[in-house]
Amino acid sequence: MNTAANVQTEVQKEESMLLQKAMISANFDALATAHEDGKKISSTFVPGNLNELLMCFDLVRNLPEINALQSAMRKQTAGYIMEAERSGHSEDVCSYVKSDLGMMAKGQIGPTGKPLPTPDVLLLSYTGCFTFMKWFELVRDQYDCETAMLHVPYQADGEITDNMRDFVVMQLKEQIIPTLERVTGVKFDIDRLRENLKESAKAEEDLVWVLQAAKNRPSPIDAYFGGIYYCGPIFSAFRGSKEATAYYAALRREVAERIDQGLGPITPEGVLDEERIRLVVEGPPNWTHFRDFWKMFYDEGAVVVASSYTKVGGVYDYGFRHDPDHPIETLADYCLGCYTNRSLPARVDMLCDYMDEYSADGFLVNSIKSCNSFSAGQLLMLREIEERTGKPAGFIETDLVDPRYFSPANVKNRLESYFQMIEQKKAHGERTAA
Amino acid sequence: MAVEEIVERCQELYEDLRFTSVRDWKKAAANRKAIGYMPVYVPRELIHAAGMLPVGILGGGDQLDVIHGDAYYQSYICRIPRSTIELAVTGRLDCLDGMLFPSTCDVIRNLSGMWQLKFPDKLIRYLDVPQNFNLDIGGVFYIRELQSLREALAKMAGREISDDDIRASIELYNKNREAIAALYAYRSAEPWQVPTPEVYLLMRAGMLLPVAEHTELIYDYITEAKKVERPVRDNCRVVINGLFCEQPPLGLLKSIEMAGCYVVDDDFMLVARWLLEDVPTDGDPLRNLAHAFIRYSTETSCKYVERKTDKGKFLVESVHRNRAEGVIFASPSFCDPALLDRPMLQNALSAQGIPYTAFKFAENSGQLQPIREQAGTFADSIKLWSAA
């Protein structure tokens, strides 16, 4: 069944999607010519990404996860991963890492076909993922560039303690900022950081509004497949820039118009005209078959109304905004608060809140082979959430950028069965209520 | 006790998945408490100083039938958390009053949250040890974390843990580290006298026994082992690496030796060999523990190495110090730290012309013949090169 109103051969995109695509593409262009333009390049990860700070040093920002996922969407990662495995990397480990290393081995050509020059500094923000630490040790092994390590403690007991915050602040002040000054030759200007943080807070406000628009019926957005586009600028090289602020303001207007018109989300095949199932989804998406995967949902009228993946680069819906009055401390709080840096009980609580606040019919886990940070414990989380909410839960397994671990028939079969179960449960609930 | 009796006792402890020795220790006096900990490193001195028994939990090995544990984990996650959950949900760990989960990897980290969800009445602590090795930054952070752990244990013990309590514990653990160093030195010097499966069982006993008793047991073993003449074989000398968390089946270690390798260094139960020098017993004990961690702790895949040039140096030094002829990488399947680190360690070995071989295992691996063949081929190739 296809519930998109106008099935079209040409892929449908919102204006905001096109805008963010242009922004990301421009960043790849800037990276390609950075050294010729006399600029330095930093490389850092999405969770705990200190973009506002990096901008203070005029660094062009490279994000290896973004490279990997962009390459996967262009079907390039299978070759990269095999290249890395040929050189001794295990089939068991993270496919983002192998994609990155394979891309380097094959000549450092980025997803848009332009060169990705060697970075001048690796900002190893070790936030919520052990693999990050090894990843940049491996990258450092290849490149002879400086590495600035920021250890962000894990929020094991569901709160940020003074010791955690002080530790991150000390590292930023005593080590990270002096290293960035030395590498770039640019003196740190805290007022410049404050200005960037002001822009971040504005963009964050609009992003939260957009994501919370999914509380409407029908939801004007898909908060997983569409949400990934919406998070692109704020999770990558743009948070803190005026461009990002303008993007989120435009996105907000676009979503507001859709609410006014009572429209559902835009899928690659047009506007979804019938919202049959509302889901909360835990875990990252699969990138190698992104559109096929999405189609399995919208063909059945399933809309994701909230997702944990859109919080991986920052959790803003509990009120955190970057605070220009406490510029270094707010960077610490941002890093400490990222989704995978939160304890399992805190993640369960958050997802249960989503189930309730977004009136979801079901909870689905897309469990990713590559990502133990997300995946270890998800089966227990699933049982807890099912028990607390009384809503049916589903479980599928895919991978980030390794196409060998996406089995379309299995995933589709599981999803269809799961959606049928939800509809039966809904019908039973409606009959009981009547 | 003769060597065989000591080894037999250690084997009994190793095979007892109901942790009878821990239960007996608790029953021997009123209000005794036991605290479990996962690999790789926790400061056991603090648990001991609280009058509690630190108990190393290393999964279920190849003796445990995992029935419930598999329902908690996807197939692509390593074996140790699923068998540890199995031990817990089947009541085998109910003798533990708390659990510490160190920052070994994301799986062990998330297991702390699973414990919080499953066993909310227990003391559960995730121990974030610093990956920043500046005394004024990572050191300060770690001292405060240790203080927080001290307070949590004191609350459970119903009494303060004084500085002198901690100093006394540090002294006992210094002696234990000294005994283990003597055992390892003896094996390195005369590996035919100290088979690695026996070293392994002795180290495992240290995960369960009170520290002073374990120290005495090691010295007894060394004394008795020296009285026994064991045949010297034409084996090659190897270091094994990758066994710091999920444990190999005992048969795997036997297979490596039977294949013609003397293991002269390893990374079993690093908690007991983490600190490479004595911790001072005067001054501020938490500061001393933190500084020992920062200044002289072992290198393993769970730790960040600050300088590119230092990566793998620790392993290369171990090869040279122990006159090893090669390295066997034995990595648990799906172990991110070991498997991500391995290519960098291999590069460091290659740069020094040190041969290596690598395979994967799980704690319940039953098919050891391929491993024996691989280790045998590796040993043969080393012998052939040496002859050339």
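Axes here are lines fitted to C-alpha atoms, for helices over the stretch in contact, with angles running from 0 to 180 degrees between N-to-C directions. Helices (H or I, at least four residues) and strands (E, at least two) are DSSP runs numbered from the N terminus. The structure is a predicted model, in which local features need pLDDT of at least 70 and side-chain atom pairs count only at pLDDT 80 or more, while totals for chains, interfaces and linings use all residues. Residues are numbered from 1 along each chain as its sequence is written, and chains are lettered from A and ligands numbered from 1 in the order in which they are written.

We may start with the overall build of chain A, whose secondary structure amounts to 16 helices and 10 strands. With a radius of gyration of 21 Å (taken over C-alpha atoms), close to the 22 Å from the globule rule (2.2 Å times the number of residues to the power 0.38) for 434 residues, chain A is therefore as compact as a globular protein of that length. Its C-alpha trace spans about 70 × 50 × 40 Å along the principal axes.

Turning to helix packing, the axes of helix H1 (residues 15–33) and helix H10 (residues 242–260) of chain A come within 9 Å and cross at roughly 165 degrees. H1(A) is therefore roughly antiparallel to H10(A), a label for angles over 145 degrees. The crossing is left-handed, that is, the near helix is turned anticlockwise from the far one by less than a right angle. A:Glu15, A:Ser16, A:Leu19, A:Gln20 and A:Met23 of H1(A) meet A:Glu243, A:Tyr247, A:Ala250, A:Leu251 and A:Glu254 of H10(A) in this contact, where contact means C-beta atoms, placed from the backbone, within 7 Å. These residues divide into 5 nonpolar, 2 polar and 3 charged; Ala, Val, Leu, Ile, Met, Phe, Trp, Tyr, Cys and Pro count as nonpolar, Asp, Glu, Lys and Arg as charged, and the others, Gly among them, as polar.

Chain A also holds an open sheet of 4 strands in the order E2-E1-E3-E4, with parallel pairing (pairing requires at least two DSSP bridges between strands). Strands E2 (60–62) and E4 (146–151) of chain A stand at the edges with a single partner strand each, so one side of each lacks a neighbour in the sheet. From one strand to the next, the twist averages 25 degrees. Strand E1 (residues 41–44) of chain A is joined to E2(A) by 3 bridges, and A:Ser43 has A:Asn62 as its bridge partner in E2(A).

Between the chains, 41 residues of chain B are in contact with 40 residues of chain A.

Key:
Angles under 35 degrees count as roughly parallel, over 145 as roughly antiparallel, 65 to 115 as roughly perpendicular and the rest as oblique. Two residues are in contact if their C-beta atoms, placed from the backbone, lie within 7 Å.
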